[in-house]
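The report below describes one protein chain, moving from its overall make-up to individual residues and their contacts.

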Amino acid sequence: MDIKQLHTFETIIQTGSFQKAAQVLSYAPSTITFQMKQLEKELGVSLFERRGHEQRLTSAGISLKPYVDQVLHSADQLVAHLVNVSQGDVYSNFLVAWKDS
């Protein structure tokens, strides 16, 4: 499981379809399908009910969504923090100690 798959999952939910998610993310539709099949395989559950071009979340997909939201939010916070650190906006003091043998 990776952030890209989770972001794709979230985008499918927001747009309502794999096709629209592909357009938003600038991916081929087959890439969206592949990512979701990989995620489902890794988790061992179906996340979407597929009916033609319409996708609906399964109960497993509904259960996963708040965790995906939390992970993506944390990833965004991490990136923002690292940008601040690289710009010198955040200072941290660390004490490093070691014992010579």
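## Overall make-up

Of the 101 residues of the chain, 25% count as buried; the model is a predicted one. The chain holds four helices and two strands, and, read from the N terminus, these elements follow the order α-α-α-β-β-α. Among the contacts in the chain with a separation of 6 or more, 47% are accounted for by residues 24 or more positions apart.

## Packing of H1 against H2

Helices H1 and H2 pack at an angle of about 120°, and their axes are 8 Å apart; the crossing in which H1 passes H2 is right-handed. On the side of H1 the contact is made by His7, Thr8, Thr11, Ile12 and Thr15, and on the side of H2 by Phe18, Lys20, Ala21, Val24 and Leu25. By residue type, the contact of H1 with H2 divides into five nonpolar residues, four polar residues and one charged residue.

## The loops on either side of H2

Ser17 belongs to the loop that lies between helix H1, residues 3-15, and helix H2, residues 18-25. Ser17 counts as buried because its relative accessible area is 9%, and buried means under 20%. A polar atom of the Ser17 side chain lies 2.9 Å from the backbone nitrogen of Lys20, and Lys20 is also one of the H2 residues that make the contact with H1. When residues up to four places away in sequence are not counted, Ser17 touches Ile12, His53 and Gln55.

Ser26 lies in the loop between H2 and helix H3, which spans residues 29-43. With a relative accessible area of 66%, Ser26 is exposed, whereas Ser17 is buried. The backbone of Ser26 has a phi near 60°, a positive value in a residue other than glycine.

Strand E1, residues 48-51, and strand E2, residues 54-57, run antiparallel and are joined by four bridges. Within this pairing, Phe48 stands opposite Leu57 in E2, while Arg51 has Glu54 in E2 as its bridge partner. The two strands form a hairpin with two residues between them, and Gly52, in the turn, has a positive phi of about 65°.

Gln55 has its place in strand E2 and is buried, with a relative accessible area of 14%. The side chain of Gln55 reaches the backbone nitrogen of Phe18 at 3.1 Å. Leaving aside neighbours within four places in sequence, the contacts of Gln55 are with Gly16, Ser17 and Phe18, and also with Phe48, Glu49 and Arg50.

## Glu40 in H3

Which side chain reaches the backbone nitrogen of Leu47 at 2.8 Å? That side chain belongs to Glu40, a residue whose place is in helix H3. The Glu40 side chain also reaches the backbone nitrogen of Phe48, in this case at 3.4 Å.

Although Glu40 counts as charged, Glu40 is buried, with a relative accessible area of 10%. Apart from residues up to four places away in sequence, Glu40 touches Val45, Ser46, Leu47, Phe48 and Arg50. The C-alpha atoms of Glu40 and Gly61, which are 21 residues apart along the chain, are separated by 9.5 Å.

The C-alpha atoms of Ile13 and Phe48, which are 35 residues apart along the chain, are separated by 9.8 Å.

Notes:
Residues numbered from 1 in each chain as written. Predicted model: local features only at pLDDT ≥ 70, side-chain atom pairs only at ≥ 80, totals over all residues. Heavy atoms only, no water. Buried < 20%, exposed > 50% of the residue type's maximum accessible area, 1.4 Å probe, protein only. Polar contact = N/O pair within 3.5 Å; in protein donor to acceptor, adjacent residues only side chain to side chain. Contact = heavy atoms within 4.5 Å. Pairing = 2+ DSSP bridges. Axes fitted to C-alpha atoms, helices over the stretch in contact; angles between N-to-C directions. Left-handed = near helix turned anticlockwise from the far one by under 90°.
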